[in-house]
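Consider the salt bridges in the structure below.

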Amino acid sequence: MDGSLKFWLLSFALSSLLISSSAQTCGSYSFSNNNLYTYCSDLSRLGSYIHWTHNSNGTLEIAYRHPGFSTDRWIAWAINVNATGMVGAESLVAYVNSTGPYAYTSSVTSYGTQLAASSLSFAVPKLEAENINSEMIIYATLELPTTLTTIHQVWQEGPLSGGVPASHSFTGDNILSMGDLDLLSGETSTASSGTSSRLRRRNIHGVLNAVSWGTLMPIGAMIARYVKVFQAADPAWFYLHVACQSSGYIVGVAGWATGIKLGSESSGVQYSTHRNVGITLFVLGTLQVFALLLRPNKDHKYRLYWNIYHHSVGYAVIILSIFNIFEGFDILDPEEKWKRAYIGILIFLGFFAVMLEIATWFIVIKRKRKSSEKYPHNGNGVNGENGANGYGARSVV
């Protein structure tokens, strides 16, 4: 036998061994407790495996395996009966504590969950965990409705912090580790681009609202309060104010509509505070737009009341916007750098506002002093207005 033939035979043998080894990762796996299961699946994300047996009475016996496990991590396997994705899922969680492998149940109510122990909507008469050869295994028996034959499964892993589960990564396989599991046929499917698309829309929703309600609106208010004190800026400050607020409103409505769409696609999952504040912001913002169309002239007797209304609603919108953006951060739970970036923007705007407030009062006081010196017998300034040409009064409204 020549050398080339030996080489190809050896290569073929090695390939056969590799294929055989790959096949053994699921179907030929032997559990230490000698458990046997009807079906198994090599999950394509996070290097995990699910084994199960579905009985005619609705009970589901499962073993979820996660190789390459380290004791500073946690793992979880969950099913979502009413929706898809992580929120609303009912999970089996396991990690190693001071007494050894520990497993418990937890209902996932938000993206910022710390997987606190809680009961599930179905009974779990058996639940235990095993850590062997750097592989964590969750064994469980679930009592499901007999009509439930296809489930949406979610599996996950993340770090421990202070001995309890902390947030997992929101990139790569960690946001795609979900799919459907047919309990009768053994067929499985994993997350597709649709899941990635939903996450992308959530991110777009957050960015649109942070830019519009949370940034453009405060800038527009600052223009109205501080730029108009400069006589040369009249009436340019008004058009800048309108342009900034209008842009913020248009972008904000797009962000609001995206949020409504996301909510309609997540049946059974509600963020009541975030939703209600968002609807309130949309209503107040729309009222501000219509109020601009009904703006009285400066000398109109109702102009004072319009100013009080306009300023009150405007400041309420800014306060509620900032509050709701941080509510959104808690729900989406993005990387910390995004929250820090927005906090940095708020600090910059706040510092700039304080500096402009000081400068505004300085200009107003100086203008009033000059006016009183020029017209000592007219305490109200030129033409009976407060300050020169009325700018003093307008600057502190």
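Four salt bridges are present in the structure, a salt bridge being a side-chain nitrogen of Lys or Arg within 4 Å of a carboxyl oxygen of Asp or Glu. The model is predicted, with local features requiring pLDDT of at least 70 and side-chain atom pairs counted only at pLDDT 80 or more, while totals for chains, interfaces and linings use all residues. Residues are numbered from 1 along each chain as its sequence is written, and side-chain values use heavy atoms, with hydrogens and water left out.

One of the salt bridges joins glutamate 135 to arginine 65, at 3.1 Å from N to O. Because glutamate 135 belongs to strand β8 (residues 135-143) and arginine 65 to strand β3 (residues 59-67), this pair ties together parts 70 residues apart in sequence. Helices (H or I, at least four residues) and strands (E, at least two) are DSSP runs, numbered from the N terminus. Both glutamate 135 and arginine 65 are buried; buried means under 20% relative accessible area, exposed over 50%, and partly exposed in between (1.4 Å probe, protein chains only).

Another salt bridge pairs arginine 73 with glutamate 157, at 2.8 Å from N to O. Arginine 73 sits in strand β4 (residues 73-80) and glutamate 157 in strand β9 (residues 150-161), so parts 84 residues apart in sequence are tied together. Arginine 73 has 26% relative accessibility and therefore counts as partly exposed, whereas glutamate 157, at 15%, counts as buried.

Arginine 225 is in helix α2 (residues 193-226) and glutamate 357 in helix α6 (residues 336-374), and the pair links distant parts of the chain, 132 residues apart. Arginine 225 counts as buried because its relative accessibility is 18%.
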